Amino acid sequence: MEDDQLVISIKLYDRVYKFRIDRNEEEAFRKAKTLFDDRFQVFFSALEANISNGELSREDVLYLLAYEFAVKYADMKITEDLDIKKLKEIVDMK
């Protein structure tokens, strides 16, 4: 099974992390890195004044970004659960 895995390096902000992943996960990891970088830049730009005056740290920006992703994931799960519930209702109507 190790032939189906690879080690990739992903740079998040100023640190490089190594991941051992299945080959079929590589695209998702690379896409996630791009999404992370894009959203981090948006957050950093929007909060730059707060960072400069010491109200927020780099870690605060990362926590806020992680929370945004968690909210989006939770919203997707809620939508998915509602869709499954609707499908079950449709099937049960027959």
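Apart from neighbours within four places in sequence, Phe43 is in contact with Val61, Leu64, Leu65 and Glu68, contact meaning heavy atoms within 4.5 Å. The model is a predicted one, in which local features need pLDDT of at least 70 and side-chain atom pairs count only at pLDDT 80 or more, while totals for chains, interfaces and linings use all residues. Residues are numbered from 1 along each chain as its sequence is written, and side-chain values use heavy atoms, with hydrogens and water left out.

Phe43 belongs to the largest nonpolar core, which has 6 residues: Phe36, Phe40, Phe43, Leu47, Val61 and Leu65. A nonpolar core is a set of buried Ala, Val, Leu, Ile, Met, Phe, Trp, Tyr and Cys residues joined through side-chain atoms within 4.5 Å. Buried stands for under 20% relative accessible area, exposed for over 50%, and partly exposed for values in between (1.4 Å probe, protein chains only). Two or more residues of this core come from each of helix H1 (26-46) and helix H3 (58-93), and H1 gives the most, with 3 residues. Helices (H or I, at least four residues) and strands (E, at least two) are DSSP runs, numbered from the N terminus. In soluble globular proteins, nonpolar side chains tend to be buried together.

Arg58 is placed in helix H3. With a relative accessible area of 18%, Arg58 is buried. Leaving aside neighbours within four places in sequence, Arg58 is in contact with Tyr13, Asp14 and Arg15.

The side chain of Arg58 also meets that of Glu59 in a salt bridge (3.4 Å, N to O). A salt bridge is a side-chain nitrogen of Lys or Arg within 4 Å of a carboxyl oxygen of Asp or Glu. Glu59 has a relative accessibility of 35% and therefore counts as partly exposed. A network of salt bridges links Asp14, Arg58 and Glu59.

## Salt bridges within helices

The whole structure contains 6 salt bridges. One of them joins Asp37 and Lys33, with the closest N and O atoms 2.4 Å apart. Asp37 and Lys33 are separated by about one helical turn, because they are 4 residues apart in helix H1. Asp37 is partly exposed at 29% relative accessibility, and Lys33 is partly exposed at 23%.

In helix H3, Lys77 forms a salt bridge with Glu80; their closest N and O atoms are 3.3 Å apart. These two residues are 3 residues apart, about one turn of the helix. Lys77, at 31% relative accessibility, is partly exposed, and Glu80, at 38%, is partly exposed as well.

## The largest pocket

The largest pocket holds about 200 Å³ of space. On a 1 Å grid over the protein atoms alone, a pocket is an open set of points where a 1.4 Å probe fits, with protein on both sides within 12 Å along at least five of seven lines; lining residues have an atom within 4 Å of a point. Grid points are joined across faces, edges and corners, and the volume is the space filled by probe spheres set on the points.

Ile10, Leu12, Phe19, Ala28, Phe29, Ala32, Lys33 and Phe36 line this pocket. Strand S1 (5-12) and H1 are the elements that give two or more residues to the lining, and the largest share, 5 residues, comes from H1. The lining divides into 7 nonpolar residues, no polar and 1 charged. Ala, Val, Leu, Ile, Met, Phe, Trp, Tyr, Cys and Pro count as nonpolar, Asp, Glu, Lys and Arg as charged, and the others, Gly among them, as polar.
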